[in-house]
Each structure stands twice: as C-alpha cells, then as structure tokens.
Amino acid sequence: MTKVAVTGANGAVGRALVAMAPSHRLDVVAAVRSERAAADVRALDRTARIVRVAYDDAASLALAFAEAAAVIHLPGILVERAGTTYEAANVETTRRVAEAAKRAGVRKVIFVSAIGADARSENRYWRTKGAAEAIVRASGIPYTVLQVPMLLGPGTEAARALRRCLR
C-alpha cells in the first residue's frame, strides 16, 4: 500500500479521498486541525489514521508526513471569516506544508488550486491561490497542481453560499 497524507481531510474533497482510499490500496493519513474535524473523518472510516496538525507546528506536520510517498494538500477557504484570511489559509499553510514535505522526503505533492489562480490577479482569492501554486512549484518536490472549478456538493462552502443566495 502507498502511504498518502491528506491535509484538510475533513473537507468535501478530503472526505471523498478518505472514503475511496481502501479500494485504491492507499494508506491515508488524514491531517486535520481539530477534534471536530477528526470526528468527521472517523465517522467515514473508523479505522482511518488521523493526525492532528497545526500548520505553524513543524513537528505535527512531520508526524503526519512521515514515510508518506505523497501529500495531497487541500488548502484554503472560499470565504474569509474572523480569524482567517486567504493569505493564511492558502499561502502560509502551503509554505509550511511544502517545507515539511521536503524535510520528510515526500516524493510528490498534489496541490488542489482553483481555476483563475494567478499571483498577479487583482482578486485576493485568486492571487493567493496563484502564490501558493508558486510555492509548490519552487519547492523542489515533484508536483501536480490541479486547478479545479468551484466545488459544489454536500458540505462545501460553495454549496452553502449558493443556498444563501437562492434564499
């Protein structure tokens, strides 16, 4: 089995990856920031390996990435709220993940970004996604950047925003 660490494993994409991992012979380590997030992942798969991380704590990232062949980094927020910014969620987490992945000897980083990401964009969301892509590209680790459209589905921020607008 190939060991893969997934940051943001409690989000919609992360939960889908955790759920499909056994059928694809992947040994997933779900990297999450809170006990609530860990409980979300545990509800999907009681056997899931979960590591609580803090992006400003290199030791917690090292634990999550130890012996991982790849890191799938699912960073970011669609809507800024008190206590979090696009810069913190997209750029700083990516910088710390790339540094920790390099130290851990991870062989591949898969970074999920957004269509429209561009470090020169006037739009702060796209600008920070573009800056994060640049960090991944400069990391020295083989990488894949996936620029995806807005993700809609159960539990996604985009679905909640769309629902609010429709009301």
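Glu 35 and Arg 42 join their side chains in a salt bridge, with N and O 3.1 Å apart. Keep in mind that what you have on screen is a predicted model.

How open to the outside are these two partners? Glu 35 is partly exposed, at a relative accessible area of 42%. Arg 42 is partly exposed as well, and its value is 29%.

| Salt bridge | N to O distance |
|---|---|
| Glu 35 and Arg 42 | 3.1 Å |
| Asp 118 and Arg 120 | 3.3 Å |
| Arg 137 and Glu 133 | 3.3 Å |

Asp 118 has 26% relative accessibility and so counts as partly exposed. Arg 120, on the other hand, is exposed, with a relative accessible area of 72%.

Now for Arg 137 and Glu 133. Both sit in helix H5, which covers residues 124-138, and they are four residues apart, so about one helical turn separates them. Is Glu 133 buried or exposed? Its relative accessibility is 3%, and because buried means under 20%, Glu 133 counts as buried. Arg 137 is partly exposed, with a relative accessible area of 43%.

Next, find helix H3 (residues 58-65) and helix H4 (residues 86-104). For H3 and H4, the angle is about 55° and the axes are 9 Å apart. That makes H3 and H4 oblique to each other, and H3 passes H4 in a right-handed crossing.

Which residues make the contact? On the H3 side they are Ala 58, Leu 61 and Phe 65. H4 brings Arg 96, Val 97, Ala 100, Ala 101, Arg 103 and Ala 104. Sorted by type, the residues of this contact of H3 with H4 are seven nonpolar, two charged and no polar.

**A loop residue and its neighbours**

You'll find Asn 10 in the loop between strand E1 (2-7) and helix H1 (12-20). Leaving aside residues up to four places away in sequence, Asn 10 touches Arg 15, Val 32, Arg 36, Ala 37, Asp 40 and Val 41. Another pair to pick out is Asn 10 and Ala 39: they are 29 residues apart in sequence, while their C-alpha atoms are 8.7 Å apart in space.

**Two positive phi angles**

One last stop is the backbone. Most residues other than glycine have a negative phi. Where does Arg 25 sit, and what is its phi? Arg 25 has its place in the loop between H1 and strand E2 (26-32). Its phi is near 55°, a positive value in a residue other than glycine. Arg 25 counts as exposed, at 56% relative accessibility.

Glu 67 is another case, with a positive phi near 65° in a residue other than glycine. Glu 67 lies in the loop between H3 and strand E4 (70-73). At 72% relative accessibility, Glu 67 counts as exposed.

How values were computed. Residues numbered from 1 in each chain as written. Predicted model: local features only at pLDDT ≥ 70, side-chain atom pairs only at ≥ 80, totals over all residues. Heavy atoms only, no water. Axes fitted to C-alpha atoms, helices over the stretch in contact; angles between N-to-C directions. Parallel < 35°, antiparallel > 145°, perpendicular 65-115°, else oblique. Left-handed = near helix turned anticlockwise from the far one by under 90°. Contact = heavy atoms within 4.5 Å. Nonpolar A, V, L, I, M, F, W, Y, C, P; charged D, E, K, R; others polar. Salt bridge = Lys/Arg side-chain N within 4 Å of Asp/Glu carboxyl O. Buried < 20%, exposed > 50% of the residue type's maximum accessible area, 1.4 Å probe, protein only.
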